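I opened the notebook to look up domains, pockets and helix packing, and these entries keep the order in which I went through them.

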Amino acid sequence: MESQSEAVNRLQAAFRSGLTIPEKFRQMQLSKLTSLIKDNEQLILDALHKDSAKPKFEAVLSEIDLVINELHYAIHNLRSWMQPDYVGKNLATKLDDCFVRREPLGVVLIIGAWNYPLQLTLLPMIGAIAAGNCVVIKPSEVSGAMEKLLAELIPKYICQDCCAVICGGAEETETLLKNRFDHIFYTGSQRVARIILQAAAIHLTPVTLELGGKCPCLISEEVDILAAAHRLAWAKFFNTGQSCVAPDYVLCSQATCDALLPALQQTLEDFYTKDPQKCPDLGRIISDRHWTRLTDLLQKSQGRVVLGGQSNQSEKYFAPTVIVDVKEDDALMEEEIFGPILPILTIESLEEGISFINRKEKPLALYVFSDKSSVVTKVLEQTSSGGFCSNDGIVHMTLPGLPFGGVGASGWGSYHGRWGFETFSHRRSCMLRGWALERINTLRYPPYQENNLGWLRWTISPKKNVFNNCSLM
Ligand code: NAD
């Protein structure tokens with residue numbers, strides 16, 4: 001069997017041969033990726049169900065369709081993304097061709113996560129292939145059925161000279177990281193992100209980090225409380241709370257909390273019946289280890305469970321759980337929950353909520369629920385986060401026009417749509433110059449003349465209304 005380094009060397013040779021550069025080749029791989037999904041939809045659904053009992057409805061929306069839509073978007077827009085951007089010029093460069101050209105980086109490594117094991121692996125791959133790179137895919141070993149399926153299907157559909165799938169866990173990934181890549185795209189925890197960064201530092205490899213964090217949901221008093229409960233519960237308990245953009249905790253006044261609790265109780269019964277353990281619309285926790293982590297977190301919390309709280313280890317079942325009287329120093333507030341536990345913290349005012357959020361690391365997403373646009377605008381303007389959505393949760397990430405990514409500790413860089421293409425491209429500054437006007441060049445050659453300096457400064461300065469986007473030379 002081919003070793004990791006043999007696979008990387010093979011892709012490096014293919015990249016150097018120029019195989020992946022033509023638009024036609026890239027379009028062909030994107031079309032084949034579309035066929036991979038369409039031909040194997042049932043196998044994909046089965047693997048997702050095997051890994052975490054993901055309901056078909058959630059799997060289609062958040063994995064299959066997200067990938068198919070991204071593929072359509074990339075196939076449709078690739079030609080325009082590949083076009084050079086001509087920039088404004090000054091007098092000194094008037095006869096030159098000055099443009100930004102997107103070039104592939106080379107062989108890139110994509111390390112996927114288990115919670116959306118198809119989407120989080122293939123969406124970055126679409127950006128990388130569209131940009132003309134060769135790709136090494138390392139799916140998460142935690143979602144073992146999808147890891148196996150991707151390793152089987154990708155070589156059948158995608159040209160083997162431009163893509164390799166490497167399986168394994170921490171040990172295999174650490175060995176893989178010893179190879180030199182031209183970019184590493186990592187989705188996962190902050191802990192592993194530090195390991196990735198250390199490995200990348202050795203080769204000075206640029207890195208995109210798609211991490212997590214605690215996404216707040218600030219609910220003001222002016223909302224339709226039942227609609228708020230529906231949207232909050234859907235965003236929180238979709239994929240059994242195992243979404244990096246799930247609302248991690250709620251901040252609201254005591255009065256809003258008092259109104260929200262019965263609305264949430266009604267909502268959870270409507271969504272998952274009175275016996276959620278038997279409800280096919282609620283998936284399972286991905287592994288025993290993750291189930292135990294959530295159980296420990298709940299036990300350590302000083303809060304009061306008001307809804308849910310039941311769990312069953314053999315089934316990796318965890319009920320949608322709501323917990324109140326949670327304080328800032330509670331165990332539930334120390335790390336990202338990444339499961340179906342929703343703590344509600346009470347605040348006295350909107351300002352207190354904003355200040356609470358700003359004391360923490362910048363989150364991957366921030367949600368505010370309010371009828372008042374002044375409240376939404378205030379939260380938007382006075383906080384920072386990777387993404388922002390008012391009066392709903394998660395849905396902002398379905399639009400390929402919006403960049404998806406974190407800020408600060410929730411991640412570096414972004415993807416989706418054109419943003420993925422840009423992440424995997426080098427923007428090369430190009431100036432194509434001929435041999436004309438050499439007499440003018442003599443102005444800048446030694447021996448330096450004071451009066452020439454004035455002329456030169458004039459030729460490179462931006463001229464109003466004449467040079468669009470003109471920057472200094
Ligand atoms: P993880 O960091 O444990 O694993 C992710 C990947 O890293 C896997 O492919 C795994 O094989 C690899 N890995 C694990 N240990 C390693 C090691 N020691 N050395 C090298 N590689 C190693 O993350 P996870 O548990 O899969 O995901 C949970 C976290 O990821 C949460 O914080 C969540 O918010 C975040 N997340 C972020 C996004 C996003 O798009 N921003 C998406 C999903 C998950």
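Between which parts does the largest pocket lie? I found that domain 1 (4–211 + 414–426) and domain 2 (216–400) both give residues to its lining, so the largest pocket lies between them.

Before going on, I noted that this is a predicted model, in which local features need pLDDT of at least 70 and side-chain atom pairs count only at pLDDT 80 or more, while totals for chains, interfaces and linings use all residues. I also noted that residues are numbered from 1 along each chain as its sequence is written, and that side-chain values use heavy atoms, with hydrogens and water left out.

**Domains**

I took the two domains from the assignment for the protein chain, whose bounds are automatic or come from a database. I read 31 Å between the C-alpha centres of domain 1 and domain 2, and their contact (heavy atoms within 4.5 Å) takes 21 residues from domain 1 and 19 residues from domain 2.

**Largest pocket**

I looked up the volume of the largest pocket, which is about 1,300 Å³. For the terms, I wrote down that the search runs on a 1 Å grid over the protein atoms alone, that a pocket is an open set of points with protein on both sides within 12 Å along at least five of seven lines, that a cavity is a set where a 1.4 Å probe fits but cannot get out, and that lining residues have an atom within 4 Å of a point. A volume is the space filled by probe spheres set on the points, which are joined across faces, edges and corners.

I found 48 residues in the lining of the largest pocket, with Tyr186, Gly188, Ser189, Gln190 and Arg191 nearest its centre. Helix H7 (170–176), strand E6 (183–187), helix H8 (190–203) and helix H11 (288–300) are the elements that give two or more residues to this lining, and H8 gives the most, with 6 residues. Helices here are DSSP runs (H or I) of at least four residues and strands (E) of at least two, numbered from the N terminus. By class, I recorded 21 nonpolar, 12 polar and 15 charged residues in the lining of the largest pocket, where Ala, Val, Leu, Ile, Met, Phe, Trp, Tyr, Cys and Pro count as nonpolar, Asp, Glu, Lys and Arg as charged, and the others, Gly among them, as polar.

**Cavity**

I found 1 cavity of 30 Å³ or more, and the largest cavity has a volume of about 40 Å³. Its lining includes Gly213, Lys236, Asp248 and Phe338, and the lining residues divide into 5 nonpolar, 3 polar and 3 charged.

**Helix packing**

I then read that the axes of helix H4 (residues 56–82) and helix H5 (residues 119–130) come within 9 Å and cross at roughly 5°, the axes being lines fitted to C-alpha atoms over the stretch in contact, with angles from 0 to 180 degrees between N-to-C directions. That makes H4 roughly parallel to H5, a term for angles under 35 degrees, as roughly antiparallel is for those over 145. Among the residues of this contact are Leu66 and Leu71 of H4 and Leu122 and Ile126 of H5, and the contact residues divide into 9 nonpolar, 2 polar and 2 charged.

Definitions and conventions. Parallel < 35°, antiparallel > 145°, perpendicular 65-115°, else oblique.
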